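Here is a friendly walk through one structure, with the cut-offs given along the way. Have a look at the sequence and the coordinates first.

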Amino acid sequence: MSAVQATGAELHNAAPAAGTPEAALAHKSLYYMLLMREVEDRIERKLYRQGKVLGGVYVGRGQEAIPVGSALVARAEDVLFPSHRDMAVFFVRGVSARRVLAQYMGRLGGLTRGRDGNMHMGDMSVGVCSIISALAATVPVAAGAALAMRYKGINGVAFSYFGDGSTSRGDWHEGVNFASVQKLPVVFICNNNQYAYSTPLNLQMACTNVADRGPAYNMPAEIVDGNDVLAVYQATQRAVDHARAGNGPYLLECKTFRMTGHSAHDPAHYVPKGLFEEWGKLDPIVRLQKHMVDGGLALESEIEEVRAAVVREVDDAVEWGEASPHPDPATLLDDVYETL
Ligand SMILES: Cc1ncc(C[n+]2csc(CCOP(=O)(O)OP(=O)(O)O)c2C)c(N)n1
Ligand SMILES: [Mg+2]
């Protein structure tokens, strides 16, 4: 019997639908959502409070289904532009937790080799473009990347991520308009978490849904349950198919909730407590786990094993990040200016 063949005992213990494509997608989604939650919890609730993190900390707790469900659809040739609450995009594209932890601690092992201390990072070797801090400034850049891919004959799609507040910025409208007029392959992915810092949705835009902005640009727009990773995956698949086929951009509005303050230094006293309770019941990780167990895609024991493995992976990543040296000040300007 080969080592990969299941024994009778393993078969007896396997979930009924284990081994199906649906089970494989659910397992992958669960792993990446758990990894993002654990890495961000470690950064926000431990390392930041210990003074080991450089810069501000912005997390996507409760929003993990959006970067995971969407990025899992991307192909190698696609280019992704995550926002500050989309850490899982990095993991799905193959960036390790070790390098992300080193990044947040300003170490040489981080993606910016210690030049920045948080999510202002990218890795073009895996098609992830760095965040521009000015909100929505990456939206026209994503449209430009899609145009560049067209010029080069690459059948890739640009994934442009942003929050609800960013859709009220001028850059957003310029980027979306350009993509639509040029019929560029861009999928616009909005995490509508109901707040832009302390400003609730109704005080920053006059329409009810971000998706209502789509028709103004003759662009299909869909409202998605942003706390259901499989719904996000399916909607992204529809959007990407549309864009890759040459039909132009597509807008996804993923409804969700920011389960923290805007950043680690914001206690969010302005958010009515009831909203945290209400949305807490819709936690995307808890929902996926229930779906997996109820649907026979996984056993409770398997889920526990994944959770434990993620904690071990993050323990190792923290240790690795802390062991990575700070950059030598003499190298400050290296890689900042092009050397001819
Ligand atoms: C042009 C600009 N104005 C203000 C800020 C400061 N800022 C950073 S994130 C943020 C809130 C963004 O809200 P939203 O787009 O809904 O994203 P969320 O943080 O809710 O994910 C603000 C005001 C900024 N980075 N850029
Ligand atoms: Mg928001």
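## The magnesium site

The magnesium ion (ligand 2) is held at 2.1 to 2.2 Å by Asp 164 (OD), Asn 193 (OD1) and Tyr 195 (O). Donors here are N, O and S atoms within 2.8 Å of the metal (3.2 Å for Na, K and Ca), and water is not among the atoms, so sites may look incomplete. Along the chain, the donors of this ion follow the spacing D-x28-N-x1-Y. Asp 164 sits in the loop between β2 (158-163) and α7 (170-181), and Asn 193 in the loop between β3 (186-192) and β4 (195-196), so the pair ties together parts that are 29 residues apart in sequence. Helices (H or I, at least four residues) and strands (E, at least two) are DSSP runs, numbered from the N terminus.

Are these two side chains buried or exposed? Asp 164 is buried, with a relative accessible area of 0%, and Asn 193 is buried too, at 3%. Buried means under 20% relative accessible area, exposed over 50%, and partly exposed in between (1.4 Å probe, protein chains only).

## How the model is read

This is a predicted model, in which local features need pLDDT of at least 70, side-chain atom pairs count only at pLDDT 80 or more, and totals for chains, interfaces and linings use all residues. Residues are numbered from 1 along each chain as its sequence is written, chains are lettered from A and ligands numbered from 1 in the order in which they are written, and side-chain values use heavy atoms, with hydrogens and water left out.

## A helix pair

Helix α2 (residues 21-47) packs against helix α5 (residues 97-104) at an angle of about 25°, with the axes 11 Å apart. Axes are lines fitted to C-alpha atoms, for helices over the stretch in contact, and angles run from 0 to 180 degrees between N-to-C directions. The two helices are therefore roughly parallel, a label for angles under 35 degrees.

In the contact (heavy atoms within 4.5 Å), Leu 35, Val 39, Ile 43 and Leu 47 of α2 meet Ala 97, Val 100, Leu 101 and Tyr 104 of α5. These residues divide into 8 nonpolar, no polar and no charged. Ala, Val, Leu, Ile, Met, Phe, Trp, Tyr, Cys and Pro count as nonpolar, Asp, Glu, Lys and Arg as charged, and the others, Gly among them, as polar.

## Loop residues

Most residues other than glycine have a negative phi. Arg 113, in the loop between α5 and α6 (138-152), has a positive phi near 55°. Lys 183, in the loop between α7 and β3, has a positive phi of about 50°.

Technical notes:
Parallel < 35°, antiparallel > 145°, perpendicular 65-115°, else oblique.
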